[in-house]
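Open your viewer and keep the sequence panel beside it.

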Amino acid sequence: MSRIHGRQGLAGWLFVSPALIGLGVFMVAPILLALWVSFRDWSGLTPLGVSEPAGTANYADLLTDPGVVRGDFAKSLRNNLYYVLGVVPAQTFLAFLLALVVNARLLKGRTFFRTAFYFPSVTSSIAVAFIFIFLFSPSGVVNTVLSAVLPGKVDLVWLDDSDGLLHLLLRAVGVDAPPGALRGEFMDLSWWDWLSGPSVALSSVMILATWTTTGTFMLMFLAGLQNVPEELDEAASIDGASARQRFFRITLPLLKPTLFLVLTLGIIGTWQVFDQVYAMTSGGPQKSTLTPAYLIYREGFQNSAMGRAAAIAFIVLVIILIFTGVQRFVLRKER
């Protein structure tokens, strides 16, 4: 390999210095400042220089000290965990399915369908949220369609129902109270509540998120499909491999880098959900749609606890890194 000699290295650093300076000023420095703030008692209304040191009190309020703060943080983690488990697989599967459809050679009007499927991703999330509020209203389209399909009239108040879906299913089979093994608590939240499943209101937000993000990931899968060498597919076809064998033995393995990218971006995006919750439910009803990102906004700008808000942000960062590391390990192990 050739080495960089003399002034070539200096010239290289000069060329990349604008980008490095931008990253340092607008990314690294704010992250380090936020980390410092997470150990301070700062309201956000006074100069940061006069804030008082708080040590690990902000993290203790969220993780170890019993109270409303830890309970709300536990509810936000529970809600967001179900949000991730529901949205990421759904958007990944639908995006891959749509990419296969628009990549088909026999499909006519592929440009139109690509644009149509991608359009929700570039539409204002707040505008889409208000549209979904009307769709999921008691007299909205969703209840009207369900009433036409199901027996009886459906007048479900979607965005004002805090019941968990798993609890609703258990009630349908006669289980109304938690068994003895689930009566304990973790972070001021009973195990029965941890296993409630996403609320009806949160499920509505999850449907919106899946609809608005699928188009972006479809383009990523489409790019991956178009980068699969046609020679490999043709060679396998000549050797007698069926379409199913070519798909599972050639196409899917070559799409693993794309799948890793889609899953990583999906996990990061779902742990940062804020605007849909802010516009549709404001964390309600009964905090069943409260998420860490919305809790950061509430603690920082409504409760004037910027240090605690910064602490939540860094705990979420650790959670994202753990999820990303796990799925990276799983995909690498399958190679």
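Start by selecting α3 and α9. They pack at an angle of about 40 degrees, with their axes 6 Å apart. Helices (H or I, at least four residues) and strands (E, at least two) are DSSP runs, numbered from the N terminus. Axes are lines fitted to C-alpha atoms, for helices over the stretch in contact, and angles run from 0 to 180 degrees between N-to-C directions. That angle makes α3 oblique to α9. Under 35 degrees counts as roughly parallel, over 145 as roughly antiparallel, 65 to 115 as roughly perpendicular, and the rest as oblique.

Which hand does the crossing of α3 and α9 have? It is right-handed. A crossing is left-handed if the near helix is turned anticlockwise from the far one by less than a right angle, and right-handed if clockwise. Colour the contact of α3 with α9 by class: 20 residues are nonpolar, 7 polar and none charged. Ala, Val, Leu, Ile, Met, Phe, Trp, Tyr, Cys and Pro count as nonpolar, Asp, Glu, Lys and Arg as charged, and the others, Gly among them, as polar.

A note before moving on: this is a predicted model, where local features need pLDDT of at least 70, side-chain atom pairs count only at pLDDT 80 or more, and totals for chains, interfaces and linings use all residues. Residues are numbered from 1 along each chain as its sequence is written, and side-chain values use heavy atoms, with hydrogens and water left out.

Show the side chains in contact (heavy atoms within 4.5 Å). On α4, pick Arg-114, Phe-117 and Tyr-118, which are among the residues that meet α9. Across from them, the α9 residues include Trp-211, Met-218 and Leu-222. This contact divides into 7 nonpolar, 6 polar and 1 charged.

Next, the pockets. On a 1 Å grid over the protein atoms alone, a pocket is an open set of points where a 1.4 Å probe fits, with protein on both sides within 12 Å along at least five of seven lines; lining residues have an atom within 4 Å of a point. Grid points are joined across faces, edges and corners, and a volume is the space filled by probe spheres set on the points. Select Asn-103, Arg-105, Leu-225, Asp-233 and Thr-251, the closest to its centre of 17 lining residues. Which helix gives the largest share of this lining? α11 does, with 4 residues. By class, the lining has 7 nonpolar, 3 polar and 7 charged residues.

Move to the second largest pocket, about 360 Å³. Thr-92, Phe-221, Leu-259, Leu-263 and Leu-331 lie nearest its centre, out of 19 lining residues. α3 gives the most to this lining, 7 residues. The classes are 15 nonpolar, 2 polar and 2 charged.

Finish in the loops. Zoom to Pro-285, between α13 and α14. The peptide bond from Gly-284 to Pro-285 is cis, with omega near -5 degrees. Then find Met-187, in the loop between β3 and β4. Its phi is near 55 degrees, a positive value in a residue other than glycine.
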